[in-house]
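Thanks for taking a look at this one with me. Please open the sequence and the model side by side before reading on.

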Amino acid sequence: VAACIQRKNNVTNDTCSCGNQCRSCLLNIDQTAGPCIECRNATYLLAGACLNSCPLPYVHSSTTSNIGRECLLLDLTTLGQVTTATTKATTTTTRAATTTAT
């Protein structure tokens, strides 16, 4: 499978591009950018796209790096580890708790 990893095609070593917030992506047969597999610029990967924040029922991964962040499906069996409260339109994520304010 051909991929564009940090602007280099992993098969041909040619220069390639994945798009604005995507650091690495799969390549289509015609060598155009396909689904993203790693995001940059503090964006979160979900279903092949890089998002500024994760929609419910997803939560942000706990990495502090600006590269490789992901949206993780909220596991209702671990609610003791993930707490969600609604008060303002801001989302704050820490290693073990997610707070959504409205």
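The points below cover the strands, one serine and the disulfides.

1. A word on the basis. This is a predicted model, in which local features need pLDDT of at least 70 and side-chain atom pairs count only at pLDDT 80 or more, while totals for chains, interfaces and linings use all residues. Residues are numbered from 1 along each chain as its sequence is written, and side-chain values use heavy atoms, with hydrogens and water left out.

2. Let us begin with the sheet. Four strands make an open sheet in the order S2-S1-S3-S4, with antiparallel pairing. Its edge strands are S2 (8-9) and S4, each of which pairs on one side only. Strands (E, at least two residues) are DSSP runs, numbered from the N terminus, and two strands pair if DSSP finds at least two bridges between them.

3. Next comes the hairpin. Strand S3 (residues 22-27) and strand S4 (residues 33-39) run antiparallel and are joined by four bridges. Five residues lie between the two strands, and Gln 31 in the turn has a positive phi of about 70°.

4. Now look at Ser 24, which sits in strand S3. Its bridge partner in S4 is Glu 38. Is Ser 24 buried or exposed? Ser 24 has a relative accessible area of 3%, so this serine is buried (buried means under 20% relative accessible area, with a 1.4 Å probe and protein chains only). Setting aside neighbours within four places in sequence, its contacts (heavy atoms within 4.5 Å) include Cys 4, Cys 18, Cys 36 and Glu 38.

5. How many disulfides does the structure hold? There are five, a disulfide being a pair of cysteine sulfur atoms within 2.5 Å. With the bonded cysteines of the protein chain numbered in sequence order, the pairing reads 1-2, 3-5, 4-6, 7-8, 9-10.

6. Cys 22 and Cys 36 are joined, S to S 2.1 Å, and with 100° about the S-S bond their link is right-handed. This pair connects distant parts of the chain, Cys 22 in S3 and Cys 36 in S4, 14 residues apart. Cys 25, which stands opposite Cys 36 in S4, forms a disulfide with Cys 18, the sulfur atoms 2.3 Å apart. The torsion about that S-S bond is about -85°, so the disulfide of Cys 18 and Cys 25 is left-handed. Cys 25 is buried, at a relative accessible area of 0%.

7. Finally, Cys 54 is joined to Cys 71 by a disulfide, S to S 2.1 Å. Both Cys 54 and Cys 71 are buried.

Conventions
Buried means under 20% relative accessible area, exposed over 50%, partly exposed in between (1.4 Å probe, protein chains only).
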